[in-house]
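Please look through the sequence and the model shown here, and keep both at hand while reading. The paragraphs that follow go from helix packing to the sheet and then to the chain as a whole.

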Amino acid sequence: MGAQRLFSSFPIVKVDRRAPLYSIASSPCSSSSSSSNNIIEKEMSSRKRKLPVLLFDIMDTIVRDPFYHDMPPFFGMSMEELLESKHPAAWTEFEKGLISEMEMARMFFKDGRPIDMEGLKSCMRRGYSYIEGIEELLIDLKKNGYEMHTSTNYPIWYEIIEEKLKISNYLSWTFCSCLMGKRKPDPEFYMDMLKHLNIEPACCIFVDDRMRNVQAAIDAGFNGIQFKNADLLRKDLSGLGVVIETNLEPRLH
């Protein structure tokens with residue numbers, strides 16, 4: 001088999017290809033010609049890793065989001081009524097880790113009405129499940145040795161997701177808004193990911209169901225895919241040169 005190419009010239013809907021075509025065996029991901037020590041160090045580091053690095057949003061990309069599906073009926077409201085009644089900043093601040101769970105409970109509704117926090121957490125836990133076909137895709141990507149990280153806006157309740165679904169079997173919970181103190185699509189969120197990974201953005205593929213988050217990644221130099229479903233994501237990743245073999249074992253005849 002010849003040298004693999006990270007990026008394909010085959011057009012894929014809502015996939016950005018900003019990096020030049022190259023052979024993984026001979027070229028770094030960086031599209032920059034800078035000769036600075038920092039760039040050289042990143043390029044040398046990149047050569048030692050299997051590329052690209054894959055960054056996945058979690059809610060409604062990997063995991064079904066109960067916020068939209070289960071939380072309104074828990075409160076006996078429609079989604080529109082819930083959005084109108086809840087505090088405009090409480091959930092966002094909870095996702096950033098700026099307020100505690102109990103503070104969020106006190107602030108959740110604008111009128112200060114109490115909420116059953118333990119009941120709400122149980123409702124959310126019941127609603128967490130893998131998006132159809134996603135766990136199988138993650139298994140195939142892991143078999144092929146790809147480095148994968150979460151890139152998610154979510155509060156400390158990500159620990160409930162982990163307890164139920166064992167996401168860390170496939171992805172590292174590296175980039176979570178409650179740990180980073182910032183949320184997508186804040187440009188600093190993406191810059192912090194690059195600093196932590198010590199890699200050029202052209203070496204990364206960012207996957208998210210929200211186009212504004214994908215566009216922010218593209219603006220930062222990442223390659224971006226808007227998630228629609230597992231089958232399309234499999235095709236989009238393959239189109240960018242990601243090897244996704246469903247069976248690495250030799251077949252017996």
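**Helix packing, sheet and chain**

Helix H8 passes helix H13 in a right-handed crossing, where a crossing is left-handed if the near helix is turned anticlockwise from the far one by less than a right angle, and right-handed if clockwise. This is a predicted model, in which local features need pLDDT of at least 70 and side-chain atom pairs count only at pLDDT 80 or more, while totals for chains, interfaces and linings use all residues. Residues are numbered from 1 along each chain as its sequence is written, and side-chain values use heavy atoms, with hydrogens and water left out. Helices (H or I, at least four residues) and strands (E, at least two) are DSSP runs, numbered from the N terminus.

Two packed helices are described by the angle between their axes and the distance between the axes. For H8 (residues 134-143) and H13, the axes come within 9 Å and cross at roughly 25°; axes here are lines fitted to C-alpha atoms, for helices over the stretch in contact, and angles run from 0 to 180 degrees between N-to-C directions. H8 is therefore roughly parallel to H13, given that angles under 35 degrees count as roughly parallel, over 145 as roughly antiparallel, 65 to 115 as roughly perpendicular and the rest as oblique. On the H8 side the contact (heavy atoms within 4.5 Å) is made by Ile 134, Glu 136, Leu 137, Asp 140 and Leu 141, and on the H13 side by Ala 230, Leu 233, Arg 234 and Leu 237. By class, this contact of H8 with H13 has six nonpolar, no polar and three charged residues, where Ala, Val, Leu, Ile, Met, Phe, Trp, Tyr, Cys and Pro count as nonpolar, Asp, Glu, Lys and Arg as charged, and the others, Gly among them, as polar.

Asp 231 also lies in H13 (residues 230-239), and is exposed, with a relative accessible area of 57%; buried means under 20% relative accessible area, exposed over 50%, and partly exposed in between (1.4 Å probe, protein chains only). The C-alpha atoms of Asp 231 and Ile 134 are separated by 8.6 Å, although the two residues are 97 apart along the chain.

Turning to the strands, five of them form an open sheet in the order S3-S2-S1-S4-S5, with parallel pairing; two strands pair if DSSP finds at least two bridges between them. S3 (172-176) and S5 are the edge strands, each pairing on one side only, and the twist averages 25° from one strand to the next. S2 (residues 148-152) pairs with S3 over three bridges, and His 149 has Ser 172 in S3 as its bridge partner. Thr 152, also placed in S2, counts as buried at 0% relative accessibility.

In helix H12 (residues 211-219), the buried residues are Asn 213, Val 214, Ala 216, Ala 217 and Ile 218, and what covers them includes helix H11 (187-197), strand S4 (204-208) and strand S5 (223-226).

Over the chain, the secondary structure comes to 13 helices and five strands, and 51% of the 253 residues count as buried.
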